[in-house]
Every structure is written in structure tokens, then in C-alpha cells.
Amino acid sequence: MTNVREKSPLTVVGIGADGWPGLSSRAREAVVNADVVVGSPRQLAYLPAGMKSEPWPSPLLPGLDEFLAEREGRVCVLASGDPLLSGIGTTLVQRGYDVEVLPALSSVTLARARLGWAAEETEVVTVVGRAIGRVSRALAPGRRILVLGANAEDLLDLLKARGYGKSRVTALSDLGGPDERIGPGSLTVFAIEADGLALPLTGLPDDAFDHDGQLTKRDLRASALARLAPSPGELLWDVGAGAGSVGIEWSRVHPLNRAIAIERSPERAARITRNAHALGVPELDVVIGAAPEALEGLTRPHAIFLGGGVTVPGVLDACLATGARLVAHGVTLESEQALARAYTEHGGELIRVGVEQAAPLGGFTGWTPARVVTQWSKP
């Protein structure tokens with residue numbers, strides 16, 4: 001994104017709950033020498049009397065660029081703690097502004113200090129402007145999690161719903177300031193010591209998903225994801241998503257991973273959304289429509305899973321045209337023939353996957369075979 005301000009760099013100063021006295025000499029100098037200081041009313045209240053200051057427009061994002069373009073001279077932006085931790089600093093950088101950041105101690109750093117939690121053993125989940133369901137992805141027995149921007153009631157309800165109601169939850173409020181306390185307050189970080197049943201990031205059991213039978217089962221899902229090879233920050237198209245299992249597991253691999261589920265059935269699309277929220281990846285985007293038309297205009301992916309529809313005219317060609325890594329499944333003779341032709345023309349790997357499960361057979365145990373699936377993958 002290109003911003004409309006072509007002036008001197010913005011200085012973003014992090015200010016903690018201890019206010020003006022807690023600023024470093026460099027941060028104070030940046031504030032004092034600014035022609036105007038902008039921030040939220042709460043942040044501006046920390047400044048000594050007489051400084052020229054202005055609050056942000058409300059709502060912030062729609063008017064942000066115009067507001068900054070109209071400010072002359074040196075502009076100093078106040079932020080809470082670390083401006084690059086779910087703060088305005090991140091927003092300004094993402095919008096293309098030239099930014100100098102002078103951070104203060106973040107609420108996360110202060111919370112860990114109070115609890116004695118090591119940084120490398122603590123996961124931070126922000127739900128500032130996001131769904132509380134993001135916390136679900138981080139839940140694992142014994143895991144230490146700091147949650148930013150949550151409502152206490154919503155967080156406790158989520159933990160109970162996910163089977164983690166016995167977790168120890170500590171609320172730390174107004175950290176670093178004179179009103180710091182353990183308990184909910186105006187600025188609260190929630191610390192979770194998770195206690196519940198383990199749920200893997202990938203290889204989820206089939207019953208973890210709400211589905212109507214249109215589900216890529218666990219063994220085939222594992223094979224597909226191994227060849228889709230997710231890396232942090234990548235985007236997947238899950239075409240003909242069914243219950244959304246592949247896109248959801250792709251997203252669970254890393255918090256920066258993104259997925260778009262394309263599903264023509266509105267009922268199944270709604271089910272995908274519910275599964276995504278329940279399994280900790282509520283940002284998964286669901287597009288209702290039939291491929292290939294529904295693929296037009298979507299952000300170009302790094303990888304594509306085509307769980308069905310390989311015989312639909314134009315679908316496989318549209319996926320190949322993106323240049324993304326591709327895994328496609330087929331269960332019919334017609335789809336198998338289409339994948340065989342694709343393998344002949346484009347190379348890659350063509351395999352058939354057959355899975356059999358042990359099940360009661362009379363008074364004994366026998367093997368029950370699932371439908372054999374042909375899988376074509378192209379790196």
C-alpha cells in the first residue's frame with residue numbers, strides 16, 4: 001500500500017503505564033522536538049501540559065492517511081508499549097510510511113517478568129480486532145500463552161468449550177503503572193497455563209471436523225499436506241473444500257499461514273467457517289462459488305489443494321496457470337484419467353493411496369478398505 005504522505009519520517013514512541021517519567025531520554029527528545037504529537041486520548045494524557053497534540057480521527061483507519069497528510073513538520077506518534085506489538089507502528093509500516101520506532105517495555109515483556117515465564121516458552125496470541133477463536137490453535141497441555149485484547153468472559157467460555165476449563169488463568173492489568181494489579185482492569189493481559197486434552201496442529205482426527213461426509217480423511221490429508229509443503233506466511237487455495245479440513249490444517253501449521261476455501265455449497269461453506277473458528281483459525285476466508293469462475297480475482301496462492309472437480313472443464317487448467325504447488329485427488333475413472341494426462345504433460349508425482357482399517361468381522365477382526373484415491377502432485 002502506498003501512503004499519501006511524502007514528508008519527513010514519522011517517529012513512533014512507545015509509552016507505558018508509567019507515562020512520561022518512564023520514557024527514555026531519546027524518546028522524550030523526539031516528543032519535545034515534534035511539531036505535533038498524535039495518539040489516543042489516553043496516551044496523550046501522559047504528556048506534560050502545553051505540548052501541541054491531537055487525537056487520532058475516529059474511526060482511525062479510514063481517515064488515517066488524510067489525517068497524516070495534513071500534518072506539517074515533524075510528527076510524533078504515541079503508541080502503547082511496543083508499537084510493533086499489535087500497535088499503530090505495525091499499521092504505519094504496513095501502509096508504507098517511513099517510520100522510526102522507539103519502543104517502551106511491552107505488556108508482554110512485563111507480564112512475562114511478573115510471571116517468570118521465559119520468552120522462548122511463551123506463545124503470544126493477539127485478538128485485538130480479531131476473533132477470540134485464534135486462541136484455540138495455541139492450546140496444548142502445559143502450554144503457556146499470553147492473550148492480548150481479550151474479554152475475560154469470552155476467553156473463559158472458549159477455554160471451557162475446548163475442554164480447557166481447568167486451565168489456570170491470570171489477569172494482569174495496567175502493567176508498569178501505579179495501578180498495576182492482578183485482576184481485570186483497563187489494560188489486561190491474560191496468562192493461560194493450559195490444562196486439557198492434546199489436539200495436534202496437523203493430523204487431526206476426522207471427528208474433529210463437523211462434516212456431511214465430504215471430508216478429506218486424515219491419512220489422505222497427511223499425504224496431501226506433505227506434498228503441499230506449507231511454509232510460514234504462505235497462502236493456500238482449498239478448492240472444493242468440503243469441510244475445509246486441508247485449509248484448516250494448513251492454517252494451523254503456523255499463525256502466519258493463510259487459506260482460502262472455495263466451496264459452491266452455501267451449507268458446506270457455513271460449516272467450514274464453524275470448523276475454522278472451532279479449530280483456532282477464524283481468519284480462514286471462505287468463498288462461495290463454483291470453480292473455475294470462483295477463482296477469478298483471488299490473491300495468487302503459493303499452493304493449491306484440489307479435492308475434487310478435476311474433470312470440470314477449466315478447473316485444473318486455472319490451478320496450473322497460477323504456477324503454485326498443486327495436489328489434486330480423484331476417486332473416479334474419469335478423474336484418474338484426467339490426473340494421468342496431467343502427469344504425462346506436466347510431470348510431478350502420481351500415486352494411488354489405499355487405506356484399510358481393522359474392524360469387527362463376525363467374531364473376528366478383518367480389514368475394511370476405503371475407496372482408493374489417485375493423487376497427483378506438482379511441486
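Is Ser80 buried, partly exposed or exposed? Select Ser80 to begin the tour: with a relative accessible area of 35%, Ser80 is partly exposed. In these terms, buried means under 20% relative accessible area, exposed means over 50%, and partly exposed is in between, with a 1.4 Å probe and protein chains only.

The model on the screen is predicted: local features need pLDDT of at least 70, side-chain atom pairs count only at pLDDT 80 or more, and totals for chains, interfaces and linings use all residues. Residues are numbered from 1 along each chain as its sequence is written, and side-chain values use heavy atoms, with hydrogens and water left out.

**The whole chain**

The C-alpha trace spans about 85 × 50 × 35 Å along its principal axes. The protein has 379 residues, of which 44% count as buried. Its secondary structure comes to 12 helices and 19 strands; these are DSSP runs numbered from the N terminus, with helices (H or I) of at least four residues and strands (E) of at least two.

**Around Ser80**

Return to Ser80, which is found in strand E4 (residues 75–80). Next select Ser86, in the loop between E4 and helix H4 (88–94). Ser86 is not a glycine, yet its phi is positive, near 50°. Ser86 is partly exposed, with a relative accessible area of 36%.

**An aromatic pair and a cis bond**

How many aromatic pairs does the structure hold? The structure holds 1. Select Trp56 and Phe67: the pair is tilted, at 5.6 Å centre to centre and with 50° between the planes. Rings of Phe, Tyr and Trp (its six-membered ring) pair if their centres lie within 6.5 Å; planes under 30 degrees apart count as stacked, over 60 as edge-to-face and the rest as tilted. Trp56 belongs to the loop between strand E3 (53–55) and helix H3 (60–69), while Phe67 belongs to helix H3, 11 residues apart. Both Trp56 and Phe67 are buried.

Now show Arg71, which lies over the face of Phe67 at 4.0 Å from the ring centre. A charge sits over a ring if NZ of Lys or CZ of Arg is within 6 Å of the ring centre and within 35 degrees of the ring normal.

Pro59 is in the loop between E3 and H3. The peptide bond from Ser58 to Pro59 is cis, with omega near 0°. Another cis peptide bond runs from Ala291 to Pro292, with omega near 10°. Pro292 is in the loop between strand E13 (285–288) and strand E14 (303–306).

**A sheet of five strands**

Colour the open sheet whose 5 strands have the order E6-E7-E10-E8-E9, with mixed pairing. Strand E6 (122–126) and E9 stand at the edges with a single partner strand each, so one side of each has no neighbour in the sheet. Two strands pair if DSSP finds at least two bridges between them.

Select strand E8 (residues 168–173) and strand E10 (residues 188–193), which pair in the antiparallel sense over 6 bridges. E8 also pairs in the antiparallel sense with strand E9 (residues 181–182), over 2 bridges. Which residues stand opposite Ser173? In E10 the residue is Thr188, and in E9 the bridge partner is Arg181.

Move to Asp174, in the loop between E8 and E9. Asp174 has a positive phi of about 50°, although it is not a glycine. At 14% relative accessibility, Asp174 counts as buried.

**The second largest pocket**

Select Gln214, Leu215, Gly240, Gly307 and Gly308, which lie nearest the centre of the second largest pocket, among its 44 lining residues. A pocket is an open set of points on a 1 Å grid over the protein atoms alone where a 1.4 Å probe fits, with protein on both sides within 12 Å along at least five of seven lines; lining residues have an atom within 4 Å of a point. About 1100 Å³ of space lies in this pocket, the volume being the space filled by probe spheres set on the points, which are joined across faces, edges and corners.

Helix H8 (218–228) gives the most to the lining, with 3 residues. Helix H9 (245–253) is among the elements that supply at least two. Finish with H9: 8 of its 9 residues are buried, so the helix is largely enclosed by the rest of the structure. The buried residues include Val246, Ile248 and Trp250.
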